[in-house]
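Subject: Structure handover

Hello,

Here is the structure I said I would pass on. My notes on it follow below the files.

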Amino acid sequence: SISFGTIRTYLVNPISPKFKVQVTAIWKKSILYKSTNNNKDTTDQLLDVVDHILNGWAFAEADPFRAATHNKGIMNGIDGVVRATGNDTSLIEALAHSSTQSELRKYSSITYYERTSDSDLKGTINLYLPSLQINSENEIEKTAIKLMNIQTEEELAIIIGAVGLAQNLGALWALATEGIQSGHMRLHSKNIAVMGGAKSNEEIDFIVKLMNQEKNVSVSRAKEILNEY
């Protein structure tokens, strides 16, 4: 033996980071605003969108339960890249969620946002990643690697970080501008219309429009509208 003491567990820890990835992006306030308000250009409103996004991020930074949902959204994007390239989603999930705790000693957001001197939005993601495979024999995974033009593990790690940051900004922007809520409600109304018996796109659109106008989204109302259609 080359060591002394009592063995307590026979375990080799498989979760060890190889990369610490940091990806940063800056979004112009005018772009964030134009996506929301039909290109009307008012300085106060431009700043307001950035403020709302920063407030949404700060909530996740401060509260571990909000951070869990916030980071889950980031992983929705990252997992797609990981699966497409044949890498280990559960291992990368575990490392990603430990990225904040390893430095801050508390669970919080994997991303960080701030306002630049020009009042634009700057976002950064800090992510620990394990060794990544880029030489899969699986044809689908090989195609994904080829499409991304990846030559090294480092390049894949950067892409994973960039996708996570982009996914997070999209979610924060939607939360700040009610995009997620309205999108979910549209999808919910369509599902109710289908449950009410609608088959064609025309039937679904007609039922959804009328239910939303009446503010009565229910299967029973969907059936009534369909019978009158």
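At 41% relative accessibility, Glu-224 counts as partly exposed. This residue forms a salt bridge with Arg-221, with 3.0 Å between the closest N and O atoms. Arg-221 has a relative accessibility of 12%, so this residue counts as buried. Both partners belong to helix α10 (residues 219-228) and sit 3 residues apart, about one turn of the helix. Please keep in mind throughout that the model is predicted.

Salt bridges

The whole structure holds 8 salt bridges. Another of them pairs Asp-120 with Lys-28, the closest N and O atoms being 3.6 Å apart. This pair links distant parts of the chain, 92 residues apart: Asp-120 is in the loop between β2 and β3, and Lys-28 is in the loop between β1 (19-27) and α1 (29-37). Asp-120 is buried, at 4% relative accessibility, whereas Lys-28 is partly exposed, at 48%.

A further salt bridge joins the side chains of Lys-122 and Glu-114, at 4.0 Å from N to O. Lys-122 has 28% relative accessibility and therefore counts as partly exposed. Glu-114 is also partly exposed, with a value of 30%.

Aromatic pairs

The count of aromatic pairs is 4. In one of them, the ring centres of Trp-57 and Tyr-112 are 5.1 Å apart and the planes stand at 85 degrees, so the pair is edge-to-face. Trp-57 is in helix α2 (residues 43-62) and Tyr-112 is in strand β2 (residues 111-115), so the pair ties together parts that are 55 residues apart in sequence. Trp-57 is buried, at 10% relative accessibility, while Tyr-112 is partly exposed, at 39%.

Trp-57 also pairs with Tyr-113: the ring centres are 6.5 Å apart and the planes are at 65 degrees, so this pair is edge-to-face. Here too helix α2 is tied to strand β2, because Trp-57 lies in the helix and Tyr-113 in the strand, 56 residues apart in sequence. Trp-57 and Tyr-113 are both buried. Ring pairs link Trp-27, Trp-57, Tyr-112 and Tyr-113 into a cluster.

Thr-124

Thr-124 is part of strand β3. With a relative accessibility of 10%, Thr-124 counts as buried. Its side chain makes a polar contact with the side chain of Thr-24, at 3.1 Å. Leaving aside residues up to four places away in sequence, Thr-124 touches Gln-22, Val-23, Thr-24, Ile-110, Thr-111, Tyr-112 and Leu-165. Tyr-112, one of these contacts, is also a member of the aromatic cluster.

Helix α4

Which residues of helix α4 (residues 89-98) are buried? They are Leu-91, Ile-92, Leu-95 and Ala-96. Seen down the axis of α4, these residues fall within an arc of 130 degrees, so they line one face of the helix. The buried residues of α4 pack against α3 (64-84) and β3 (121-129). Strand β3 is also where Thr-124 lies.

Regards

Conventions:
Residues numbered from 1 in each chain as written. Predicted model: local features only at pLDDT ≥ 70, side-chain atom pairs only at ≥ 80, totals over all residues. Heavy atoms only, no water. Buried < 20%, exposed > 50% of the residue type's maximum accessible area, 1.4 Å probe, protein only. Helix = DSSP H or I, 4+ residues; strand = E, 2+ residues; numbered from the N terminus. Arc of directions from axis to C-beta. Contact = heavy atoms within 4.5 Å. Phe/Tyr/Trp six-rings, centres within 6.5 Å; stacked < 30°, edge-to-face > 60°. Polar contact = N/O pair within 3.5 Å; in protein donor to acceptor, adjacent residues only side chain to side chain.
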